[in-house]
There are 2 protein chains.
Amino acid sequence: MSGRLIGVGTGPGDPDLLTLKAVRVLGAADVVAHFAKAGRRGNAWATAAGFLRPDAVELPLFYPVTTELPRHGAAYGTAVAGFFAAAAAAVEAELRAGQTVAVLSEGDPLFYGSYMHLHVRLAPRWPAEVVPGITAMSGCWSQAGLPLVQGDDVLTVLPGTLAEAELARRLLDSPASVIMKVGRNLPRIRRALAATGKLARAVYVERGTMERTVTTPLSEKADDVAPYFSIVLVPGWEGRP
Amino acid sequence: MSGRLIGVGTGPGDPDLLTLKAVRVLGAADVVAHFAKAGRRGNAWATAAGFLRPDAVELPLFYPVTTELPRHGAAYGTAVAGFFAAAAAAVEAELRAGQTVAVLSEGDPLFYGSYMHLHVRLAPRWPAEVVPGITAMSGCWSQAGLPLVQGDDVLTVLPGTLAEAELARRLLDSPASVIMKVGRNLPRIRRALAATGKLARAVYVERGTMERTVTTPLSEKADDVAPYFSIVLVPGWEGRP
């Protein structure tokens with residue numbers, strides 16, 4: 001019995017959007033690892049919970065508390081690198097014991113997912129597989145029924161953490177955009193959209209495909225309070241054939 | 001009985017990557033529409049076939065033959081617009097008869113999919129729903145085990161049909177890129193990657209998640225022959241925490 005590592009995309013939140021492959025992998029895994037805030041279980045766990053073996057071992061990987069550290073400082077980088085090294089070691093101990101370890105990943109594992117930090121450390125030494133998941137952005141534009149790109153359109157995916165001028169420059173240079181990680185960055189995102197004349201077309205989706213989800217033109221959203229799980233869509237397609 | 005329209009993402013090709021929701025919708029649809037070349041059935045049909053009701057009615061929507069028309073000319077636009085109008089009319093006839101019509105869409109319906117041409121014409125008048133699918137690009141980078149973007153990385157999705165200088169400009173301006181619609185555009189894509197110093201990092205994936213799939217560094221692919229179902233990935237992430 002050799003250990004196996006499997007990164008499993010759990011999709012945007014609705015358990016019905018798990019793939020058949022993800023369901024099969026989840027139902028067979030000996031150990032189920034998931035990234036979460038200290039003492040919590042995240043959305044990936046909530047999505048996957050109904051599909052796990054009753055005797056599966058839960059391996060939570062709790063992010064270090066880094067809120068007091070500057071996000072681009074050396075101390076932050078050291079804390080985060082140390083955390084991913086420790087998480088990989090915890091997973092590797094299970095692999096050495098011959099276990100099949102499924103690592104839950106919201107959305108798609110290799111698209112802004114924490115799983116990739118384990119993959120780069122462990123895949124060179126262990127059999128590793130990645131099961132793709134529906135991305136959060138796909139869940140959001142599907143729920144909104146919003147055609148995003150067609151034909152020769154370019155799509156740019158922008159983290160909302162970018163500086164305002166950089167956001168504006170890239171919005172202007174792309175027919176269609178998706179802005180991720182909205183949360184506390186919404187006021188800056190709104191200003192960048194207004195400056196580029198794209199605010200009227202922007203659609204705001206909160207908690208896409210999950211309970212209490214919200215879809216609204218961003219221009220009609222009265223406040224700038226947004227949870228981390230919110231996305232702004234700027235469609236590039238305007239009904240042409 | 002009121003008609004219902006459902007765009008169903010069939011994912012990158014492997015039937016195992018259908019979502020639970022897609023499987024349920026496919027198993028309940030009265031009519032299953034799919035876009036295809038004249039007289040053929042495409043990949044979406046091959047992926048979905050095993051999940052359809054035995055008595056489901058197949059509604060093929062055959063693309064017009066436009067190879068002799070210049071791609072950005074007026075005649076091309078007219079032919080294509082006429083085709084989508086006729087396809088929407090054919091689907092609407094089924095909706096009027098009270099049928100539930102599932103429209104198959106490779107990858108994700110609202111991400112470069114033909115389904116969106118039906119959606120914009122019919123969703124204002126009929127109950128319509130979109131079931132997201134795993135995109136081809138997700139299937140490709142998962143199969144390659146290639147972490148694509150992390151943290152504040154920007155991702156640009158580029159159609160391989162863009163002009164060489166435009167491809168190069170955008171490749172240079174984005175830490176990570178996905179180039180779709182490679183096919184006969186591969187020589188130009190290769191030159192743009194070489195000109196921007198990114199050829200060595202580019203990964204070529206052909207028929208991702210399907211039988212006889214190929215994954216190789218683009219620099220090691222000896223020829224410039226590529227099927228339509230091929231993608232070039234330029235990862236932005238270099239192992240940092």
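The model is predicted, with local features needing pLDDT of at least 70 and side-chain atom pairs pLDDT 80 or more, while totals for chains, interfaces and linings use all residues. Residues are numbered from 1 along each chain, chains are lettered from A in the order written, and side-chain values use heavy atoms, without hydrogens and water.

**Interface**
- About 4,900 Å² is buried between chain B and chain A (accessible area, 1.4 Å probe, lost on being put together, summed over both).
- Carbon and sulfur atoms give 59% of that area.
- The interface holds 6 salt bridges (side-chain nitrogen of Lys or Arg within 4 Å of a carboxyl oxygen of Asp or Glu).
- B:Asp173 and A:Arg170 form a salt bridge, at 3.6 Å from N to O.

**Core**
- The largest nonpolar core has 82 residues (buried Ala, Val, Leu, Ile, Met, Phe, Trp, Tyr and Cys joined through side-chain atoms within 4.5 Å; buried means under 20% relative accessible area, 1.4 Å probe, protein chains only).
- Among those with the most contacts inside this core are A:Leu118, B:Leu118 and B:Leu233.
- B:Leu233 touches residues including B:Trp141, B:Val178 and B:Val205, not counting residues up to four places away in sequence.

**Salt-bridge residues and the lining**

Terms used: Buried means under 20% relative accessible area, exposed over 50%, partly exposed in between (1.4 Å probe, protein chains only). Contact means heavy atoms within 4.5 Å. Buried area is the accessible area (1.4 Å probe) that two parts lose on being put together, summed over both.
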